[in-house]
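Please consult the sequence and the structure alongside the text.

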Amino acid sequence: MKYKIKHKTTYRYADYVSLCQNQARLTPKSNRAQVCHSSRIEIEPAAHFIQEFTDYFDNKVTAFEIATQHRKLIVTMTSEVELLVSANSNLHDADMPWHEARSLLEKPNTTALLKTSEFILPSQLTPIVDGIQEYALTSFKPDIGLIEGCKDLMARIFHEFKYDPGFTTISTPLSVVFAQKRGVCQDFAHFALACLRSIGLAARYVSGYIETLPPEGEEKLEGADATHAWFSIFVPQLGWVDFDPTNNVLPKEQHVTLAVGRDFSDVTPLKGVVFGGGSQLLDVAVDMIRLE
């Protein structure tokens, strides 16, 4: 499956911005599940400085600066991505008891295992709050496989938590999300990460896109697709495997990965500083067009 993706971010400011400096993590990754064939960024007003680099988590970053006064900033990334739907075809063969995976991670003896060690630790947005370990162990019985345990945890979050776009912001504590059992994809991903890390497993945050399909007989609206978030677990014999608790699926044909990190703060699609501007309004529109 191939997609052409257009991600348009628009900031409108109440007053003039005299200078802005930004980092964009908007270039889809290339990994065993997908290939980014091309990407092109357009910035209005034109950037006076632009540079690309790869960050600590191997995400592609576009840094830019605008020194022209402006009251509107538009950043548009257009990419072509091919999904490799066979990437998870051997999950059953790669599964192993979860406690064996934990033991390997406790004493890493390979480069791959060593690189995952920081994903076992809690982060600022994934603290191990009261009750989380007990919640995780309900899915991870002593004899269950690592992948099967993740599937069970994913399904429980899907069925027990309510998707509520108006309930949380990025600053809402995870303890509140857990207590109220509601939030959005970002919250569900953070909660799953805290659960997995509380029992010594390596898990990371994934940002990306999910294709949305219109009701039968209706045309798809422009900009109707969405940015999305899910989590990924490290399977020692295979590598990273993705799980989407918001939709209770293993990402396959409709998920495109942008960036990975310890939590959302590592993968923010567009962040930076502005001088001036006052209050601002943000609008994000995403289009995923199937090419075949």
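## Basis and overall fold

Among contacts in the protein chain between residues at least 6 apart in sequence, what percentage join residues at least 24 apart? The value is 76%, where contact means heavy atoms within 4.5 Å. The model is a predicted one, in which local features need pLDDT of at least 70, side-chain atom pairs count only at pLDDT 80 or more, and totals for chains, interfaces and linings use all residues. Residues are numbered from 1 along each chain as its sequence is written, and side-chain values use heavy atoms, with hydrogens and water left out.

The protein chain contains seven helices and 13 strands; helices (H or I, at least four residues) and strands (E, at least two) are DSSP runs, numbered from the N terminus. The radius of gyration is 20 Å, close to the 19 Å that the globule rule gives for 292 residues, so the chain is as compact as a globular protein of that length. This radius is taken over C-alpha atoms, and the globule rule is 2.2 Å times the number of residues to the power 0.38. Along the principal axes, the C-alpha atoms fill a box of roughly 60 × 45 × 45 Å. Of the 292 residues, 47% are buried; buried means under 20% relative accessible area, exposed over 50%, and partly exposed in between (1.4 Å probe, protein chains only).

## Nonpolar cores

In soluble globular proteins, nonpolar side chains tend to be buried together. A nonpolar core is a set of buried Ala, Val, Leu, Ile, Met, Phe, Trp, Tyr and Cys residues joined through side-chain atoms within 4.5 Å. The largest nonpolar core has 65 residues, of which F140, F191, L196, L201 and I233 touch the most other members. Helix α7 gives the most to this core, with nine residues. Apart from it lies another core of eight residues, including L105, A202, F234 and W240.

Which residues are in contact with F140, leaving aside its neighbours within four places in sequence? They are W98, L146, G149, C150, L153, L196, I199 and L201.

## Pockets

Rolling a probe the size of a water molecule over the atoms shows where empty space is left. On a 1 Å grid over the protein atoms alone, with a 1.4 Å probe, a pocket is an open set of points with protein on both sides within 12 Å along at least five of seven lines, and lining residues have an atom within 4 Å of a point. Grid points are joined across faces, edges and corners, and a volume is the space filled by probe spheres set on the points.

The largest pocket holds about 940 Å³ of space. Its lining comprises 35 residues, with C185, Q186, T227, F264 and V284 nearest the centre. Two or more lining residues come from each of β1 (2-24), α7 (185-198), β8 (203-210), β9 (226-235) and β13 (280-290), and β13 gives the most, with five. By class, this lining has 19 nonpolar, 13 polar and three charged residues. Here Ala, Val, Leu, Ile, Met, Phe, Trp, Tyr, Cys and Pro count as nonpolar, Asp, Glu, Lys and Arg as charged, and the others, Gly among them, as polar.

The second largest pocket has a volume of about 510 Å³. It is lined by 18 residues, and F57, D58, K115, R204 and W240 lie nearest its centre. Its lining divides into eight nonpolar, four polar and six charged residues.

## Loop residues

Is D266 buried or exposed? D266 is buried, with a relative accessible area of 10%, and lies in the loop between β11 (255-261) and β12 (270-276). Beyond four places in sequence, D266 is in contact with R25, D55, F57, N59 and G261.

F167 is in the loop between β6 (162-163) and α6 (174-180) and is partly exposed, at 29% relative accessible area. Not counting residues up to four places away in sequence, F167 touches T172, V176, Q180, R182 and G183.

## Backbone geometry

Most residues other than glycine have a negative phi, and most peptide bonds are trans. A cis peptide bond joins E44 and P45, with omega about -5°; P45 is in the loop between β2 (34-44) and β3 (49-54).

K181, which is not a glycine, has a positive phi of about 50°. K181 lies in the loop between α6 and β7 (182-183) and is partly exposed at 28% relative accessibility. N248 has a positive phi near 60°. The place of N248 is the loop between β10 (239-243) and β11, and its relative accessible area of 25% makes N248 partly exposed.
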